[in-house]
Amino acid sequence: MKMAHRSRLFAMTLIAVAAHCGAWISAANAQAVPERSSRTATARTFNADVVEMSTEITVFASFWSAACRPCRAFRPQLERVLRSVRNDVRLVFIDIDENPDLAIEYNIGVAPVTLAFQDGVVIGRLPGAATDEQVKSFAINPSMVPAGVR
């Protein structure tokens, strides 16, 4: 009885650690499955979190700043609307204050800006804090700039 309890406790611990680290682990085979929900990337993790992952699924990289009021308001809106339209994507947030080299590399002048990546390249750009309809349009067809967005 004690052994079964320990095994169950071990499996629950694995699942809790995996959820905390951003990956689900099957207790049966203990293999990580790519996690598709939102996460935060840094200059160090950007290549793996965005560029490499975009060879498997579409990745939306939202460049924002904690000091920017429109950015803080747009972040949960982007997550909510994107998830309501597509569940086959990864959403990654990059703080431009902490990662200025990435902002320069991807020509981010003013935040927020969301880039769509597929197969390691940028396929679309959504500048500014967009409306729900503009985000939906961008999520469905990232290569087209939604109407009313500059």
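## Strand pairing around S6

In this predicted model, Phe 60 stands opposite Ala 116 of strand S6, and the pairing of S4 with S6 is antiparallel, running over five bridges. S6 also pairs in the antiparallel sense with strand S7 (residues 121-127), here over six bridges, and within S7 the residue that partners Leu 115 is Arg 125.

S6 and S7 together make a hairpin with two residues between the strands, and Asp 119, which lies in the turn, has a positive phi of about 50°. S6 is mostly covered, since five of its six residues are buried.

## The nonpolar core

The largest nonpolar core has 37 residues, and those with the most contacts inside it are Phe 46, Phe 63, Ile 94, Tyr 106, Ile 108 and Phe 117. Among the elements that give two or more residues to this core are helix H2 (46-52), strand S4 (58-64), helix H3 (69-85) and strand S6 (113-118).

Once its neighbours within four places in sequence are left aside, Phe 117 is in contact with residues that include Phe 46, Val 50, Ile 57, Val 59, Tyr 106 and Ile 123.

## Cysteines

The structure holds zero disulfides. Cys 68 is buried, because its relative accessible area of 15% falls under the 20% cut-off. Cys 71, at 1% relative accessibility, likewise counts as buried.

Key. Residues numbered from 1 in each chain as written. Predicted model: local features only at pLDDT ≥ 70, side-chain atom pairs only at ≥ 80, totals over all residues. Heavy atoms only, no water. Disulfide = S-S within 2.5 Å. Buried < 20%, exposed > 50% of the residue type's maximum accessible area, 1.4 Å probe, protein only. Core = buried A, V, L, I, M, F, W, Y, C linked by side-chain atoms within 4.5 Å. Helix = DSSP H or I, 4+ residues; strand = E, 2+ residues; numbered from the N terminus. Contact = heavy atoms within 4.5 Å. Pairing = 2+ DSSP bridges.
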